[in-house]
Amino acid sequence: MDGSENRQIARDSLFLMAELRVEGGASEYRVKVRNLSEGGMMGEGDARVLRGDLVEVNLRSIGWVKGSVAWVQESRFGVAFLEPIDPRLARIKPSSEGDSAPRFTRNHQPATPGQVRKV
């Protein structure tokens with residue numbers, strides 16, 4: 001596929017954070033995912049990547065996805081995935097193990113009568 005054919009693939013504009021590892025490197029980078037399709041993504045961040053680098057990206061609700069860097073422009077870069085993904089899964093918020101209570105109340109311990117202070 002040349003560049004003009006890639007532009008025909010449906011992309012989903014979104015903003016989420018992901019981890020990125022470059023093959024052969026020891027570092028893991030936190031990057032912003034600007035758009036996502038079944039065949040790739042555009043990321044932005046301080047990751048030191050070069051065109052052709054093999055990378056792995058940890059996408060929310062999908063997991064680690066292998067790909068190669070297709071282009072780099074300043075702090076933005078494109079990754080072409082080796083296998084197609086379902087980009088809709090990245091929009092699904094991770095569950096809290098079936099707990100429907102709001103996060104701020106999950107570890108709440110009820111007060112005993114002598115511990116309550118008047119305000």
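**Close-up views of a predicted model**

View 1. The side chains of E28 and R21 come together in a salt bridge, 3.8 Å from N to O; the term stands for a side-chain nitrogen of Lys or Arg within 4 Å of a carboxyl oxygen of Asp or Glu. This is a predicted model, so to speak of local features pLDDT must be at least 70, side-chain atom pairs count only at pLDDT 80 or more, and totals for chains, interfaces and linings use all residues. Residues are numbered from 1 along each chain as its sequence is written, and side-chain values use heavy atoms, with hydrogens and water left out. E56 also forms a salt bridge with R21, and here the closest N and O atoms are 3.1 Å apart. That pair ties together distant parts of the chain: E56 sits in strand β4 (residues 54-59) and R21 in strand β1 (residues 12-22), 35 residues apart. Strands here are DSSP runs of E, at least two residues long, numbered from the N terminus. Put together, R21, E28 and E56 make a network of salt bridges. How exposed is R21? R21 counts as partly exposed, at 29% relative accessibility, where buried means under 20% relative accessible area, exposed over 50%, and partly exposed in between (1.4 Å probe, protein chains only). E28 is partly exposed at 44%, and E56 is partly exposed at 22%.

**View 2. E44 and the arginines beside it.** E44 lies in strand β3 and is buried, with a relative accessible area of 15%. Its side chain meets that of R76 in a salt bridge (3.7 Å, N to O). This is another link between distant parts of the chain, with R76 in strand β6 (residues 76-81) and E44 in strand β3 (residues 40-44), 32 residues apart. R76 is partly exposed, with a relative accessible area of 34%. Which side chain joins E44 in a polar contact of 2.7 Å? That one is R34; a polar contact is a pair of N or O atoms within 3.5 Å, and within protein one must be able to donate a hydrogen and the other to accept it, while residues adjacent in sequence count only if both atoms are side-chain atoms. Leaving out residues up to four places away in sequence, E44 touches V31, K32, R34, S75, R76 and F77, contact meaning heavy atoms within 4.5 Å. Across the whole structure there are six salt bridges.

**View 3. Inside the largest nonpolar core.** This core has 21 residues, and L20, L36, M41, V49, L59, F77 and F81 touch the most other members. A nonpolar core is a set of buried Ala, Val, Leu, Ile, Met, Phe, Trp, Tyr and Cys residues joined through side-chain atoms within 4.5 Å. At least two of the core residues come from each of β1, β2 (28-36), β4, β5 and β6, and β1 gives the most, with five. Setting aside neighbours within four places in sequence, L20 has contacts that include V31, V49, V57 and F77.

**View 4. Two residues with positive phi.** Most residues other than glycine have a negative phi. S61, in the loop between β4 and β5 (63-73), has a phi near 65°. S61 is partly exposed, at 37% relative accessibility. E74 is in the loop between β5 and β6, and its phi is positive, about 55°. Is E74 buried or exposed? At 81% relative accessibility, E74 counts as exposed.

Definitions and conventions: Helix = DSSP H or I, 4+ residues; strand = E, 2+ residues; numbered from the N terminus.
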